[in-house]
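Hello,

Here is the structure for your files. My notes on the packing follow below it.

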Amino acid sequence: MTDPVSYASYRAAVAKLLIANFARWHRMSPEEFAEKKLRMPGDHGSTKRFTFDFFPPQREMFTEIFNPRNREVVFKMASRLTKTMTVLGAIGYCIAEAPRKILVMWPKIGDSEEWSKKHLMGELVDPTECLNGVLSDGRGRRLASNTILSKIFPGGYISMFGANVPGDFRRAKGNFLYADEIDAIAIAE
C-alpha cells in the first residue's frame with residue numbers, strides 16, 4: 001500500500017478488530033441476566049421488563065436452578081404460578097450467557113411442538129432482543145438450521161422431544177434438561 005491514509009485506516013481497523021476480539025468477556029449472573037435482559041410479551045406487541053418483584057418466591061426458584069450443589073431441581077406447584085417464565089428465563093440465560101446443550105421433554109411430541117411455538121419463541125425469544133438475534137437471521141426470518149423441535153445457537157442447541165418417542169429419548173444428549181408434566185408420562189414395561 002502506497003497511500004498513507006489508507007494504510008493508517010487499515011491499521012486502525014485491524015487494531016479495532018483485535019481489541020474487540022480479545023477483550024475480556026463478562027458473563028452476567030443468571031439473576032442479573034433475568035433482570036436486565038429478559039423481556040416478556042406485553043399488550044399489543046409491546047414488551048415489558050422481567051422482574052422478580054411480581055412474585056418474590058420466583059427469585060429463589062430461579063437461582064436454585066443454577067446452584068452448583070443441585071443436580072436436580074423439582075417444582076411441584078399449581079398452574080399459573082410463574083413456573084413457565086422461571087424455566088424460560090433459565091433457558092434464555094443458557095442460550096445467551098452460558099451456551100450448552102439443552103433438552104426439553106414433554107409427555108407427547110405434540111406438547112413439545114406447542115411449547116416451542118407458543119412459549120419458547122412467542123414468550124422468550126421474540127420479546128427478548130438479545131435472544132431474537134441469536135435464533136433468527138436479523139431480518140425477522142428464522143434460520144434454516146432451526147426447526148420447531150431443534151434450534152442451534154452459537155455454542156449449543158436446544159432439542160425438544162416427547163417421552164412417547166423412545167428413539168428421540170434414547171438419542172438425547174445434553175447437560176440441561178427441562179421435563180414438564182412428568183406425571184403424565186406413561187412408562188412402558
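**Sheet, helices and core**

Strand 3 (101–106) and strand 6 (176–179) pair in the parallel sense over four bridges. Two strands pair if DSSP finds at least two bridges between them. Ile102 stands opposite Phe176 in strand 6. Helix 4 packs on the sheet and touches strand 3, strand 4, strand 5 and strand 6. Contact here means heavy atoms within 4.5 Å. Helices (H or I, at least four residues) and strands (E, at least two) are DSSP runs, numbered from the N terminus.

This is a predicted model: local features need pLDDT of at least 70, side-chain atom pairs count only at pLDDT 80 or more, and totals for chains, interfaces and linings use all residues. Residues are numbered from 1 along each chain as its sequence is written, and side-chain values use heavy atoms, without hydrogens or water.

The sheet is open, with four strands in the order 4-5-3-6 and mixed pairing. Its edge strands are strand 4 (150–153) and strand 6.

How do the axes of helix 4 and helix 5 cross, at what angle? Helix 4 (residues 83–96) and helix 5 (residues 109–125) have axes that come within 10 Å and cross at roughly 70 degrees. That makes the two helices roughly perpendicular (65 to 115 degrees). Axes are lines fitted to C-alpha atoms over the stretch in contact, and angles run from 0 to 180 degrees between N-to-C directions. Among the residues that meet are Leu88 and Ile91 in helix 4, and Trp115 and Leu120 in helix 5.

Leu120 also contacts Lys151, Ile158 and Met160, among others.

Regards

Definitions and conventions. Angles under 35 degrees count as roughly parallel, over 145 as roughly antiparallel, 65 to 115 as roughly perpendicular and the rest as oblique. Lists of a residue's contacts leave out its neighbours within four places in sequence.
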